[in-house]
Structure formats: structure tokens, C-alpha cells
Amino acid sequence: FDESKVTVIFVLGGPGAGKGTQCERLVADYGFKHLSAGDLLRAEQDRPGSEYGDLIKDYIREGKIVPMEVTIKLLEVAMHEAIKTPPNDSEAWKDGKGLFLIDGFPRKMDQALKFDEAVCQSSFVLFFNTTEQVMLERLLERGKTSGRADDNRESITKRFRTFVDTSMPVVKYYGGLGKVVEVDSSPDKEIVYANVKKAVDERLG
Ligand code: UP5
Ligand code: MG
């Protein structure tokens, strides 16, 4: 992708930190296309005839990171589709331009390096930070109705471990490049969003 035409914000944070919730609001206000790597993987898992269905299912239940080839391919396809068929008619999407929130990716160093090199560089990284206690409560509550195979105590514990061991190094890496905007996602959704909006307005100008 031509970086003068495509704007990408990575949205990172632990499981249940509130990435999806805040992305939804940004979509409504700015016209971003929201691409959740987890959602794309779950859709691929359920797609009849997918050769990766069983693999994705196992990785997600175990809270492990699906091999990057699968996830990057899904993201690339979704980005091309969005540019071909823009989600709205705002200025940001004219002339083959694209405005993307990439949620829950990259969460392992190899994915980060590969995406930056082969797909495009992000403008910045929104990093939602809160405690495991807060995330655990949110996920167990959501698990009552979400139907997600990984919203149970056992999977959540594994997801926390993967986040600390595998995904925090990615946040640190981008932090070293001056790309990370950290937002405390412990308070109410509205308060978190006010800070998110401030960060996006500052960074995107
Ligand atoms: N909630 C949100 N904000 C709140 C607030 N401020 N106050 C009170 N409640 C709040 O929120 C979670 C719940 O909390 C909701 O009920 C919400 O209402 C409430 P949500 O916005 O859904 O949080 P989010 O951070 O999006 O949590 P999610 O569970 O989606 O995060 P994960 O990162 O764990 O899940 P994801 O779908 O990204 O990935 C799932 C799995 O896919 C991974 O574990 C991995 O196995 C696989 N994966 C890969 O292999 N590779 C990838 O690149 C990406 C994913
Ligand atoms: Mg999510």
C-alpha cells in the first residue's frame, strides 16, 4: 500500500482492555474502517471450506498467536476490499485512499516487522492499558453472552500470559520508535473515549 494514501492506526491492549469498544466509537466519528484481527480470524474459522478452520480454533482457545501468514493475508484482503468498496463517502476515502483501525494486531514481533515492511507503516499505535483484574471482570461478564470460545477463565489466563510475554514486546518496540499513545482504559467508556479522541486529533492533525 502507498503510505501517502493509506492511514493505519494500530490498536493494542490486553484481552478485554476495550479495543473493540473504542474502535466502534472512532468509526462513527471519523469514518475509519475497523479491522479486528480476531474478528477476521473467527470469520475465517467459520468459513466453509477454509483450510485454516481447525488451526485457528485451536490457537484461539489456547490464547496463542495464529501464524502471521494467515492473519496478514486476511488483513491485506480486507484492506483491498475496503479501498475498492469504501465504507462511506467521506473525503478520507476519495481517490483510492483508506483510513484504517487495525485492532488487536500486531501482537507478536514477527507480525509487526513483516506488516511494516510488506504492507505499510502505521501512523501511530493506540495502546489501552488497564489491570488484569479489570480485564478479567470485563471478559467474564461478556462471556455470559458472547459465545466466544476464549471467554472462559482458563483461556483468559492463557491470553493474559501471551499478552505479557509476546505482545508487550511489540508495544515496547513501537514505544521506542515514538509511536505509542497510551490511554488508561480503566475508567468509564465515555472518559476513555474523550482521551482517545484527543490523541487521534493530535496525531492525525
Ligand atoms: N468494556 C469495554 N470498555 C469498558 C469500560 N471502559 N468500562 C467498562 N466495561 C468496558 O471489551 C470487552 C468487554 O468490556 C465488553 O463487554 C465491553 O462492553 C466491556 P472489548 O471492547 O470487546 O475489548 P477488547 O480489547 O476488544 O477485547 P477482546 O476480547 O476482543 O481482546 P483480545 O485481544 O483478547 O481478542 P481478539 O479478538 O483481538 O483476539 C482473540 C484471539 O485471536 C487471540 O487471543 C489470538 O488467539 C487470536 N489472534 C491472533 O492469533 N493473531 C492476531 O493478530 C489477533 C488475534
Ligand atoms: Mg476485540
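The legends below describe several views of one predicted model, moving from the whole chain to single residues. Residues are numbered from 1 along each chain as its sequence is written, and chains are lettered from A and ligands numbered from 1 in the order in which they are written. Because the model is predicted, local features need pLDDT of at least 70 and side-chain atom pairs count only at pLDDT 80 or more, while totals for chains, interfaces and linings use all residues.

View 1. Helices (H or I, at least four residues) and strands (E, at least two) are DSSP runs, numbered from the N terminus. Read along the sequence, they follow the pattern β-α-β-α-α-α-β-α-β-α-α-β-α. The C-alpha trace spans about 45 × 40 × 35 Å along its principal axes. The radius of gyration, taken over C-alpha atoms, is compared with a globule rule of 2.2 Å times the number of residues to the power 0.38; for 205 residues a compact globule would have a value near 17 Å, and the 16 Å of the protein chain agrees with this.

**View 2. Five strands form an open sheet in the order β2-β3-β1-β4-β5, with parallel pairing.** Two strands pair if DSSP finds at least two bridges between them. The edge strands, each pairing on one side only, are β2 (33–36) and β5 (180–184), and the twist averages 20° from one strand to the next. Between β2 and β3 (residues 98–103) there are four bridges, and L35 stands opposite I102 in β3.

**View 3. Strand β4 pairs with β1 over five bridges and with β5 over five bridges.** A residue is buried if 20 or more other C-beta atoms, placed from the backbone, lie within 10 Å of its own, exposed if 12 or fewer, and partly exposed in between. Five of the six residues of β4 are buried, so this strand is largely enclosed by the rest of the structure.

**View 4. The largest nonpolar core contains 44 residues.** Such a core is a set of buried Ala, Val, Leu, Ile, Met, Phe, Trp, Tyr and Cys residues joined through C-beta atoms within 7 Å. The members that touch the most others are F10, V11, L75, F100, L101, I102 and L126, and the largest share of the core, six residues, comes from β1. Two residues are in contact if their C-beta atoms, placed from the backbone, lie within 7 Å; not counting residues up to four places away in sequence, L75 touches L35, A37, L40, I102 and F105.

**View 5. Residues G104 and F105 are found in the loop between β3 and α5.** UniProt, in an unreviewed entry, places the feature "binding site" at several positions, including G104 and F105; its positions are given in the numbering used here, feature names are shortened, and annotations may be inferred rather than shown by experiment. G104 counts as buried, with 23 C-beta neighbours inside 10 Å, and F105 counts as buried with 26. Leaving aside neighbours within four places in sequence, G104 is in contact with K19, S36, A37 and G38, while F105 is in contact with F10, A37, T71, L75 and Q111.

Note on methods:
Axes fitted to C-alpha atoms, helices over the stretch in contact; angles between N-to-C directions.
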